[in-house]
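Please look at the sequence and the 3D structure before reading on. The report takes up a few parts of the chain in turn.

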Amino acid sequence: MSSLYLHLPFCRSKCPYCDFYSQVGSAEQLNEYVDLLILDMQVLAEVRPLTGSLQTIFFGGGTPSLLTVEQVDRLLQQSDRLFRIDTNCEISLEANPGTVDEGRLRGYRSAGINRLSLGVQSLCDHQLQLLGRGHTVADVRDSVALAQDVGFANMNLDLMFARPELTCEQLQGELDDLLALRPQHISLYGLSYESGTRFAELRTRRELVEASDEEYAEQYGLIHDRLVEAGFEHYEVSNFALPGFRCRHNQVYWRREACLSVGCGGHSFVATGWGERWAVPADLNRYRRCLIDHRDPAQRLETFDRQGAMVETLYLALRTSDGVDCRLFAETFGGLPEELFPEAFQRLDNHLCRADNRWFFKPSSWLIYDHLISAFF
Ligand SMILES: C[S@@+](CC[C@H](N)C(=O)[O-])C[C@H]1O[C@@H](n2cnc3c(N)ncnc32)[C@H](O)[C@@H]1O
Ligand code: SF4
């Protein structure tokens, strides 16, 4: 089982709440960057070879939909040549509304993209403006309709809640509008004020009012109820899918399976020993210099020991509705979670549930996930 992540650190403009590694880039910069990604894959294949053909590929950003069809095609051809793409591979690409037209979407489909993730964020023009998004609700509707027309039958829509000024009534209306777009998958993220962003600065100056804990909880509950009622499985803290449409790539992360990445700012997990995390520093000049010299741009961030691997396994698995598979955990670590972490299990007695030889949290507990999971550290 192998997975590949490709990071595209360019956007048309920088959104004031976002601290993902991305910058405004020209067509020439993008072209040069694609050449570097091709070299990066070559180096990766030499230094950290993948085992088995690729089962999932994810183009993330930034705004990967700034890539032309030819650029996506080149990257997929190189992936297939070096790593072999499985015939059933899930190949996702993140797109921004307003950056795609029919020709581009059709071309992406022909190149092999079979899952599209669209950053909707809000279905209210006033809120989209407040979020500094370069698109309107009409752009969202057009992009979704075009994608469906050209045959995308596995689509994710991202929405943010706990936004400034957002009321529960308005959120309810936006969820209805979102469902009317007939996505197979929905990711719902509570707006976070990341340090160094314009939104964090505005909050400090009290020019933006952050949602209170009560508002956050009420909106999270409302989202869960509405989407479950509409037939979605709430299968991870922020993710909902119709049956059969869970994101396979993200499940690789949560199961702590190997996922290698290429691109400036990308992170890899290598399943050697108890596991290693690698990252490419978010510095385009350094990235370019490394690859021109045919040097590996990635640096090892962490090598896990058994204790670290156990804690991270629990941390990731308990984010999902599947939870921790006790048989697999015991096979890997030589004991059941409740035997190896007796005090944490005692502390979390009211929150941890057990069924089918698995430990899991109910979605209502996910609201205080960071607090609960600290019992294992
Ligand atoms: C890596 S971003 C890229 C998506 C794409 N460029 C876009 O903007 O539509 C993936 C998602 O993270 C979410 N996100 C970004 N910044 C966030 C923040 N500060 N708080 C909560 N969610 C955030 C947004 O929902 C976004 O769609
Ligand atoms: S939210 Fe998306 S479009 Fe906006 S800056 Fe971040 S990655 Fe770019």
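The sections below describe a helix, a sheet and the surroundings of a ligand in this predicted model.

## Helix α8

Helix α8 runs over residues 213-229, and its 17 residues, at 1.5 Å a residue, should span 24 Å, which agrees with the 24 Å that separate its end C-alpha atoms. Which residues of α8 are buried? They are Gln-219, Tyr-220, Leu-222, Ile-223, Arg-226 and Leu-227. Seen down the axis of α8, these buried residues fall within an arc of 165 degrees, so they line one face of the helix.

The face of α8 turned away from the buried side carries exposed residues, namely Asp-213, Glu-214, Glu-218, Asp-225 and Glu-229. On the buried side, the residues of α8 pack against several elements, including the strands β7 (155-161) and β8 (185-190) and the helices α6 (168-180) and α15 (363-366). After α8 comes Gly-231, which has a positive phi near 100 degrees.

## A sheet of three strands

Three strands form an open sheet in the order β15-β17-β16, and their pairing is antiparallel. Because β15 (324-325) and β16 (352-355) stand at the edges, each with a single partner strand, one side of each is left without a neighbour in the sheet. In general, the strands of a sheet pair through backbone hydrogen bonds, either parallel or antiparallel.

Between β16 and β17 (residues 358-361), the antiparallel pairing extends over four bridges. Two examples of bridge partners are Cys-353 with Phe-360 of β17, and Arg-354 with Trp-359 of β17. The hairpin formed by β16 and β17 has two residues between the strands, and in this hairpin Asp-356 takes a positive phi near 50 degrees.

## Around ligand 2

Among the residues around ligand 2 are Cys-11, Cys-15 and Cys-18, together with Lys-14, Thr-63, Asn-96 and Arg-133.

Although Asn-96 and Val-120 are 24 residues apart along the chain, their C-alpha atoms are separated by 7.5 Å.

Note on methods:
Residues numbered from 1 in each chain as written. Chains lettered and ligands numbered in written order. Predicted model: local features only at pLDDT ≥ 70, side-chain atom pairs only at ≥ 80, totals over all residues. Heavy atoms only, no water. Near = heavy atom within 4 Å. Expected span 1.5 Å × (residues − 1). Buried < 20%, exposed > 50% of the residue type's maximum accessible area, 1.4 Å probe, protein only. Arc of directions from axis to C-beta. Contact = heavy atoms within 4.5 Å. Pairing = 2+ DSSP bridges.
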